[in-house]
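This report describes a single protein chain, starting with an annotated region and then turning to selected residues.

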Amino acid sequence: MAGEMEKKPKLEMVQADGADEGCVTFVMHDEDHTLGNSLRYMIMKNPDVEFCGYTITHPSESKINFRIQTRGGVPAVESLRKGLNDLHDVGQHVLNTFQARVGEFKQREDQPME
């Protein structure tokens, strides 16, 4: 139908012909430095990763090109997956800690002053 827009995938994998699975560029649509820099940091903590970096093609485009090179035959997809999971875990820890401290603060505020 003419009214339906074609949906772009959120993540595309770009790999040169004949290249191994350890050297891949991922294109992440609708993302910016917020995810790019934090994910790059988490992935670089992985000892199997030789290189990880990202670029934003143009300020008016909301996509990032994310490059991962691994060593030892580890697929770049696995390093990306591990980085995303690690980043999610860190975010969940921050959220849980924040909510616990807000709860403690509210309890202190509800108590009468002596």
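## The annotated region

Across residues 23-96 the chain is 45% helix and 31% strand, with the end C-alpha atoms 35 Å apart. Helices (H or I, at least four residues) and strands (E, at least two) are DSSP runs, numbered from the N terminus. UniProt lists residues 23-96 as "domain: DNA-directed RNA polymerase RBP11-like dimerisation", in an unreviewed entry. UniProt positions follow the numbering used here, feature names are shortened, and annotations may be inferred rather than shown by experiment.

This is a predicted model, in which local features need pLDDT of at least 70 and side-chain atom pairs count only at pLDDT 80 or more, while totals for chains, interfaces and linings use all residues. Residues are numbered from 1 along each chain as its sequence is written, and side-chain values use heavy atoms, leaving out hydrogens and water.

## Threonine 70

Threonine 70 belongs to strand β4 (residues 63-70). Threonine 70 is buried, at a relative accessible area of 12%; buried means under 20%, exposed over 50% and partly exposed in between (1.4 Å probe, protein chains only).

Leaving aside residues up to four places away in sequence, threonine 70 touches Gly22, Asp48, Val49, Glu50, Pro75, Ala76 and Ser79. Contact here means heavy atoms within 4.5 Å.

## The aromatic pair

Rings of Phe, Tyr and Trp (its six-membered ring) pair if their centres lie within 6.5 Å; planes under 30 degrees apart count as stacked, over 60 as edge-to-face and the rest as tilted. One aromatic pair is counted by this rule. Tyrosine 54 and phenylalanine 66 form this stacked pair, 6.3 Å centre to centre with 15 degrees between the planes.

The pair links distant parts of the chain, 12 residues apart: tyrosine 54 is in strand β3 (residues 49-56) and phenylalanine 66 in strand β4. Phenylalanine 66 is buried, with a relative accessible area of 0%.
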